[in-house]
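Visitor: I'd like to learn how to read this model. Could you walk me through it, one feature at a time?
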Amino acid sequence: MPMIISISSHQGRPPRAIVFAAAVIAAMSVSSSGARGEDVVRQIMPGAQPGIAPQQLTREKAPDQSEIERFCSNIADAARDRRYALQAEELKQLQAGIDERMKALDAKKAEYETWLKRREVFLARAEDGVVKIYAGMKPDAAAERLAIVNADLAAAILMKLDSRKAGVILNEMDQKAAATLTGIMASAARRVDPS
């Protein structure tokens, strides 16, 4: 049973203490009347708007599975388009990188082709020069020098020499060296590969 307290100013208590006592008594009466856990005591400040009654509060229901599926199906096309756009952008960047590397490779290829042409011209001149040197040497001196040189190179030089001069040089060589060079020259002169 709630108690009613009469408040008068002649009792000599300050107003703050009276308000506090009233709040304590109100709290005890609410807890003693068997309040349920759902009922919430709310304090309202003076001049504030009154709170919403618990019966007026409604909980937002969780979206059911069909709503989620509809949402996902609605954004699926947009998500796929965005993913394709990102992939296309990445492919463009990769293509740009590949194009840049191809240009660098083409530049290197052109540089190597130029170098190779200069090398071939130099070798052709050097071979002609070497052949002229051996053509001007005495046969016994040329035979001695060609016996020391790589057999393939010596055979190539002898093949470019005049056949009479090459024959005299081979005549001055050691039999084994002459036989080796003759075998190399014969195999080089064949039109069909023996293997």
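Guide: Start with burial: buried means under 20% relative accessible area, exposed over 50%, and partly exposed in between, using a 1.4 Å probe and protein chains only. Here, 9% of the 195 residues of the chain count as buried. Keep in mind that this is a predicted model, where local features need pLDDT of at least 70, side-chain atom pairs count only at pLDDT 80 or more, and totals for chains, interfaces and linings use all residues. Residues are numbered from 1 along each chain as its sequence is written, and side-chain values use heavy atoms, with hydrogens and water left out.

Visitor: How many helices and strands does the chain have?

Guide: Helices (H or I, at least four residues) and strands (E, at least two) are DSSP runs, numbered from the N terminus. This chain has six helices and zero strands, so the pattern along the sequence reads α-α-α-α-α-α.

Visitor: Which residues have the most contacts inside the largest nonpolar core?

Guide: In soluble globular proteins, nonpolar side chains tend to be buried together. A nonpolar core is a set of buried Ala, Val, Leu, Ile, Met, Phe, Trp, Tyr and Cys residues joined through side-chain atoms within 4.5 Å. The largest one here has 17 residues, and those with the most contacts inside it are Leu146, Leu158, Leu161, Ile169, Leu170, Met173 and Leu181. At least two residues of this core come from each of α2 (65-136), α3 (139-148), α4 (151-160), α5 (163-172) and α6 (175-189). The largest share, four residues, belongs to α4.

Visitor: What does Leu170 touch, leaving out residues up to four places away in sequence?

Guide: Contact means heavy atoms within 4.5 Å. By that rule Leu170 touches Leu158, Ala178, Leu181, Thr182 and Met185. Leu170 counts as buried because its relative accessibility is 18%. With neighbours within four places set aside, Ile169 is in contact with Tyr134, Pro139, Ala142, Ala143, Leu146, Leu158 and Leu161.

Visitor: Is Met102 buried, exposed or partly exposed?

Guide: Met102, in helix α2, is partly exposed, with a relative accessible area of 44%.
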